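Please look through the sequence and the model shown below before reading on. The report that follows takes up one topic at a time.

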Amino acid sequence: MFVTDLLKTKKILVTGGGSGLGKSFAARLAELGAELVICGRRADVLETTAEELRRASGAKVATAICDIRDAGAVDEMFSRIWSEGPLDALINNAAGNFIARTETLSPRAIDAVLDIVLHGSFYCSVAAGKRWIAEGRGGSILSIVSSAANSGRAFTVPSAAAKAGVLAMMKSLAVEWGPHGIRTVSVAPGLFPTKAAWSQLYPDGSKLLSEEMEVPLRRTGQHEEIANLVAYLLSDGASYINGDCITIDGGRDLQNGGGSGVMGLFSWTPERWDAFRANSRG
Ligand SMILES: CCCCCCC/C=C/C(=O)SCCNC(=O)CCNC(=O)[C@H](O)C(C)(C)COP(=O)(O)OP(=O)(O)OC[C@H]1O[C@@H](n2cnc3c(N)ncnc32)[C@H](O)[C@@H]1OP(=O)(O)O
Ligand SMILES: NC(=O)C1=CN([C@@H]2O[C@H](COP(=O)(O)OP(=O)(O)OC[C@H]3O[C@@H](n4cnc5c(N)ncnc54)[C@H](OP(=O)(O)O)[C@@H]3O)[C@@H](O)[C@H]2O)C=CC1
């Protein structure tokens, strides 16, 4: 679909690039010639993925262990990256999310999600932007949001609020940093199966419709479909796209609005919620 060296001159940081969609983005970008840095909290996951990507594509892939909730750690990571050469693009992909009744959330539970999604994306964006501006060079920031940023989403309220904040940040920076040659763009995915998203968001009994029936195209998304969109948006071919958010969901959001995907949760008993929480990753 693309020329093979589409991203040859680009050095790109993918937060949460060791697993899930971030790994699929990294794999596609590497195939298209980009040099990569992938970051996350788990060293073993990052190293395994980096080795896999190097072997598959021959690309240069570095890893950075970093909890993006820690502003100091984020700035140190960017300094280390920059000491080997500046980035051309940042992908804010790392996220945390789980279903819960909002009235039961502890402050730590609310912060866990807000800190990763909103603060982490903000810290990374500023860490990249201030360096690009100081050096008088341009760059691109791509944030993975969700349709909940616009419509809200019951039972994942911290995530919906955080993604809305990220989207507002991206639109604001498009205007403020555009004159510096820094471009922002957001992508709102629909249903793209990953282990974490499915265990945290779609346990059995949470939905009234099958995944396929939630989507007008009657299937979930394939990772390569969204990875190709991300590759295009970071390529020079997309150099006049700034501040927009592209939805890639097979038409799901138009069919469902923000709520029907979680209707099954209204009938869960407190015991069912307790069992979910006891067995969930957090
Ligand atoms: C197509 C539309 C789909 C809908 C919208 C989709 C948009 C977004 C999708 C995604 O983001 S999918 C990606 C999901 N991936 C992950 O969540 C992976 C990373 N997740 C995590 O690391 C954890 O789940 C975490 C909880 C977010 C953070 O982990 P951390 O180790 O920092 O936190 P903990 O110390 O374990 O917990 C902090 C705090 O949170 C409470 N908590 C954890 N899980 C639950 C739960 N299921 N229900 C209620 N509360 C929970 C936990 O008890 C702690 O609070 P305190 O007990 O200390 O008060
Ligand atoms: N999958 C889907 O259908 C949808 C996904 N999205 C969005 O797509 C993106 C990817 O989702 P998905 O691949 O499913 O999620 P995953 O949970 O599979 O991946 C999340 C990644 O983020 C990393 N991460 C989490 N917390 C931190 C942190 N504090 N610091 C650094 N890295 C962190 C994780 O690594 P580690 O744990 O090692 O830190 C992991 O690699 C997210 O932004 C999500 O909100 C949006 C809508 C739907």
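How many nonpolar, polar and charged residues does the shell around ligand 2 have?

## The shell around ligand 2

In this predicted model, the shell around ligand 2 has 14 nonpolar residues, 13 polar residues and four charged residues. Among the 31 residues around ligand 2, those that come nearest are Gly16, Gly20, Arg41, Ala95 and Ala196.

Several elements contribute to this shell, for helix H1 (20-31), strand S2 (35-40), helix H4 (107-135) and helix H7 (195-201) each supply at least two of its residues. The largest share, three residues, comes from H1.

## The nonpolar cores

The largest nonpolar core holds 68 residues, and within it Ile12, Leu29, Leu36 and Val230 touch the most other members. Helix H4 gives the largest share of this core, nine residues. Apart from it lies another core, of six residues, which includes Phe98, Ile99, Ala100 and Phe155.

Leucine 29 shows how such a member is placed: once its neighbours within four places in sequence are left aside, leucine 29 is in contact with Leu7, Ile12, Ala34, Leu36 and Ala231. In soluble globular proteins, nonpolar side chains tend to be buried together.

## The chain as a whole

The protein chain has 10 helices and seven strands, and buried residues make up 43% of its 282 residues. Among contacts between residues at least 6 apart in sequence, 76% join residues at least 24 apart.

Along its principal axes, the C-alpha trace of the protein chain spans about 55 × 40 × 40 Å. A compact globule with 282 residues would have a radius of gyration near 19 Å, and the 18 Å of the protein chain therefore agrees with that expectation.

Notes: Residues are numbered from 1 along each chain as its sequence is written. Chains are lettered from A and ligands numbered from 1 in the order in which they are written. This is a predicted model: local features need pLDDT of at least 70, side-chain atom pairs count only at pLDDT 80 or more; totals for chains, interfaces and linings use all residues. A residue is near a molecule or strand if its C-beta atom, placed from the backbone, lies within 6 Å of it. Helices (H or I, at least four residues) and strands (E, at least two) are DSSP runs, numbered from the N terminus. Ala, Val, Leu, Ile, Met, Phe, Trp, Tyr, Cys and Pro count as nonpolar, Asp, Glu, Lys and Arg as charged, and the others, Gly among them, as polar. A nonpolar core is a set of buried Ala, Val, Leu, Ile, Met, Phe, Trp, Tyr and Cys residues joined through C-beta atoms within 7 Å. A residue is buried if 20 or more other C-beta atoms lie within 10 Å of its own, exposed if 12 or fewer, and partly exposed in between; C-beta atoms are placed from the backbone. Two residues are in contact if their C-beta atoms, placed from the backbone, lie within 7 Å. The radius of gyration is taken over C-alpha atoms; the globule rule is 2.2 Å times the number of residues to the power 0.38.
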